[in-house]
Amino acid sequence: MKKKEVQVATVFAIANQKGGVGKSTTAVNLSACIAEQGYSVLVIDIDPQGNATSGLGVEKDKMQNSIYQVMLGECSISDCILHLRYKKHEDMKTFDLVPSDVNLSAVEVELVNQEDKEYLLKKRLEPIKDKYDYIIIDCPPSLNLLTINALTTADSVLIPIQCEFYALEGLAQLLYTIQLVHERLNSRLFVEGVIFTMYDSHTKLSRQVVDDVKENLNQYIFKTVIPRNVRLAEAPSYGLPVNIYDKKSEGAKSYKKLAKEIIKRRKALWQPGEA
C-alpha cells in the first residue's frame, strides 16, 4: 500500500526592514482571518518588540517561555506554544502563538559562535510543521540573524509596503537579501507578493505610490489593499485581531479578503489549473 503523504504547513515570513509598514498588523490580522476560514494557524513572533504577541492579547510579563528560549535550545517549541481563544470566536479550529519579548534582542550576540545559526528556527520548527496548515512569522524591522532565520524557514515572503513617499526605500536591499537566501540557504524561498498597507483612497500620494510600485517591481502584487482604518489601529490596544474587535470595519473586511486571496493563490500553487 502506498504511504499517504503528510501535508506540512505553508510557512510565510512577513518581512520588510523598514519599520512602521504594517508587518505586525498584517501578521496578527491575516493569521486570525485565515484561522477564521477553518485552517489551523501558528503565528511565530520573532521580533524583540513583540508587537504581534501583545496584539494577540498576550501579556509578556506573564509568559513562562518565548521564542528566545526556543532559539537558545532551552525549551522545545511545543513548550512555548500558546493556544489563543477569544470569546466571540471559540469555533476557530486552531489558532496558536509562539510569543516574543525584549530578551530576544540579545539572541544574536548569544548565538555568535553557534554552528549553523541561520537554521536554528527551521530545526526547532520541524517537529510540529505537520500540525498546522499555515505558519506566519512576524520578522523584526531589520535584516539581522532573526530575519535570516525566518527566511531560511519560510516557503515564501509577504512584503507589506506602506503607501507613502518612501515606500520603495530599502526594498531593493530586501529583495537582494531574499535572493541571496534563496541561492545559498533556502532554495524553496520565493516572494509570495507585495501587500499595500495604510492606503488612503482620498490622497493622490497613495494612488501614486501604488502605480510607482507596480511599475518598478517585477513581483506579484496582491489585489487586496489594506486601508488606513481607525478600528484597525485601535484593535491592538485591546489585544484583539480586527476581525474579532470589529468584524464590520473596513480593516476587518480587507484582511478577510486578503486571507481568501492568499488561500486561493496557495491552492493554485498546490494544484495548478484547479483553483
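E59 is partly exposed, with a relative accessible area of 47%. Here buried means under 20% relative accessible area, exposed means over 50%, and partly exposed lies in between (1.4 Å probe, protein chains only). The model is predicted, so local features need pLDDT of at least 70 and side-chain atom pairs count only at pLDDT 80 or more, while totals for chains, interfaces and linings use all residues. Residues are numbered from 1 along each chain as its sequence is written, and side-chain values use heavy atoms, with hydrogens and water left out.

E59 pairs with K62 in a salt bridge, at 3.3 Å from N to O. A salt bridge is a side-chain nitrogen of Lys or Arg within 4 Å of a carboxyl oxygen of Asp or Glu. K62 counts as exposed, at 62% relative accessibility. Side chains of opposite charge can pair when their charged atoms come close. By this rule the count comes to 9 salt bridges.

A second pair joins R188 and D155, whose closest N and O atoms are 3.3 Å apart. This pair links distant parts of the chain, 33 residues apart. R188 sits in the loop between helix 7 and strand 7, and D155 in the loop between helix 6 and strand 6. Helices (H or I, at least four residues) and strands (E, at least two) are DSSP runs, numbered from the N terminus. R188 is partly exposed at 36% relative accessibility. D155, in contrast, is buried at 14%.

D155 also meets the backbone. A polar atom of its side chain lies 2.7 Å from the backbone nitrogen of V11. The D155 and R188 side chains are also listed as a polar contact, at 3.3 Å. A polar contact is a pair of N or O atoms within 3.5 Å; within protein, one must be able to donate a hydrogen and the other to accept it, and residues adjacent in sequence count only if both atoms are side-chain atoms. Leaving out residues up to four places away in sequence, D155 touches A9, T10, V11, R188, L189 and F190. Contact means heavy atoms within 4.5 Å.

A further salt bridge joins E234 and R231, at 2.8 Å from N to O. Both residues lie in helix 9 (residues 230-234). They are 3 residues apart, about one turn of the helix. E234 is partly exposed at 26% relative accessibility, and R231 is partly exposed at 31%. Elsewhere, E192, R265 and R266 are linked in a network of salt bridges.

Helix 1 (residues 23-36) has 14 residues. Its first and last C-alpha atoms are 20 Å apart, close to the 20 Å expected at 1.5 Å a residue. The expected span is 1.5 Å times one less than the number of residues. Of the 14 residues, 12 are buried, so helix 1 is largely enclosed by the rest of the structure. The buried residues include K23, N29, C33 and I34. S31 of helix 1 is buried, with a relative accessible area of 0%. A polar atom of the S31 side chain lies 2.9 Å from the backbone oxygen of V28. Beyond residues up to four places away in sequence, S31 touches T26, V41, V43, F95 and I136. G38 follows helix 1 and has a positive phi, near 100°.

L56 occupies the loop between helix 2 (51-55) and helix 3 (67-72). L56 is buried, at 2% relative accessible area. Its contacts, not counting residues up to four places away in sequence, are V28, V43, L84, Y86, F95, L97, G239 and P241. The C-alpha atoms of L56 and Y238 are separated by 8.7 Å, although the two residues are 182 apart along the chain.

Most residues other than glycine have a negative phi. D116 is not a glycine, yet its phi is positive, about 55°. D116 lies in the loop between helix 4 (107-110) and helix 5 (120-125) and is partly exposed, at 37%. M198, also not a glycine, has a positive phi of about 55°. M198 is placed in the loop between strand 7 (190-197) and helix 8 (204-216). Its relative accessible area is 22%, partly exposed.
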